[in-house]
Amino acid sequence: LDGGGGFLKVCMSIFNLSKTTSQKVSAKKFKDSGVKKVIIIAISPNIPENYVNIKKMWLNIGLHTMPRKFTILTDLKLCNILLGLISHSSKHPCCRCDIDKDNLDKKGKQRTFASLSDLFWEYFRARGTKSNAKDFGNVIHPSIIGEMDDETQVLNIVPTSDLHLIMGPVNLLYNE
C-alpha cells in the first residue's frame, strides 16, 4: 500500500514459497520480488491516506476475505492507519511495539493483534478521545487488517520496510 505520486495504490505480488528460483515470465526470468511481478489491484487519484479511505479500499477490494497467509509492506504512516493507531507524533508512535516516545532508546513489548484489539476496546468503553489516546497505546480504531484476536505479532504480518528505514538516514546525511 502506498499513497505517493498523487495516487493511493494497493499492489500485490504472489510468491511460490515452495520454489527457491524465479519462474519464467515470457522469455525472461524475473524475481518474484521485482517490479515486473507486481499486480496493481487498486488505484485511486487524489485520495488522502486516512483510516476511513484505507478501510473502504480494503473492504471494496475484498482483502478482509483473504486467508491470513500474506504480508503487508507499506510506509510507517499507513502501517499505523492499518493497525488503528494515530500518527507518529503521538505518545506511542511505534506500530510494532508499545514503547513511548520519551524512551525510544529502550526496548518495548511487541504489539500483537490481540493487544491492539484489547487497547481499542478499552478506548471505546472509556469513550476515549484523541487527547487521552495515549492511555490506550494510541489505538483509536479497530485494525483494518482484521480482528486477529490471537497473539500474532504485528511484525509477522507487517514487517519493517528496509527501504523506508534506509531512506531517512541516507536523506538526512545527504542533506547535511
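The model is predicted, so to speak of local features we need pLDDT of at least 70, and side-chain atom pairs count only at pLDDT 80 or more, while totals for chains, interfaces and linings use all residues. Residues are numbered from 1 along each chain as its sequence is written, and side-chain values use heavy atoms, with hydrogens and water left out.

I'll start with the fold. The protein has five helices and four strands. Helices here are DSSP runs of H or I with at least four residues, strands are runs of E with at least two, and both are numbered from the N terminus. Along the sequence the order is β-β-β-β-α-α-α-α-α.

Next, burial. I call a residue buried under 20% relative accessible area, exposed over 50%, and partly exposed in between, with a 1.4 Å probe and protein chains only. The areas come from the Shrake-Rupley method with a 1.4 Å probe, and for residues only the protein chains shown count as cover. Of the 176 residues, 36% count as buried.

Now the salt bridges. The term means a side-chain nitrogen of Lys or Arg within 4 Å of a carboxyl oxygen of Asp or Glu. How many salt bridges does that rule give? The count is three.

One of them joins lysine 77 and glutamate 49, with the closest N and O atoms 3.6 Å apart. This pair links distant parts of the chain, 28 residues apart: lysine 77 is in helix H2, and glutamate 49 is in the loop between E4 and helix H1 (51–61). Lysine 77 is partly exposed because its relative accessible area is 45%. Glutamate 49 has 16% relative accessibility, so it counts as buried.

Another joins lysine 91 and aspartate 102, where the closest N and O atoms are 2.8 Å apart. Both residues sit in the loop between H2 and H3, eleven residues apart. Lysine 91 counts as partly exposed because its relative accessibility is 28%, and aspartate 102 is exposed, with a relative accessible area of 53%.

There is also a salt bridge between lysine 106 and aspartate 105, with 3.8 Å between the closest N and O atoms. Aspartate 105 has 65% relative accessibility and therefore counts as exposed.

Lysine 91 comes up again with asparagine 138. The side chain of asparagine 138 reaches the backbone nitrogen of lysine 91 at 3.5 Å. That is a polar contact, meaning a pair of N or O atoms within 3.5 Å; within protein, one must be able to donate a hydrogen and the other to accept it, and residues adjacent in sequence count only if both atoms are side-chain atoms. Asparagine 138 lies in the loop between H3 and H4 and is buried, with a relative accessible area of 2%. Its C-alpha atom is 7.0 Å from that of serine 90, although the two are 48 residues apart along the chain.

Glycine 128 is in the loop between H3 and helix H4 (154–157). At 19% relative accessibility, glycine 128 counts as buried.

The place of a charge is NZ of Lys, CZ of Arg, CG of Asp or CD of Glu. Arginine 111 is found in the loop between helix H2 (76–83) and H3, and its side chain reaches the backbone oxygen of cysteine 97 at 3.1 Å.

Last, the surface. Patches are made of residues with over 30% relative accessible area and no salt bridge, joining like charges within 9 Å and nonpolar side chains (Val, Leu, Ile, Met, Phe, Trp, Tyr) within 5 Å.

Asp118, Glu122, Asp150 and Glu151 form a negative patch. Aspartate 118 lies in helix H3 (residues 113–125) and, at 48% relative accessibility, counts as partly exposed.

A nonpolar patch is made of Phe7, Ile40 and Ile43, with about 280 Å² of accessible area together. Isoleucine 40 is in strand E4 (residues 39–45) and counts as exposed because its relative accessibility is 51%.

Conventions: Lys, Arg positive; Asp, Glu negative; His and termini not counted.
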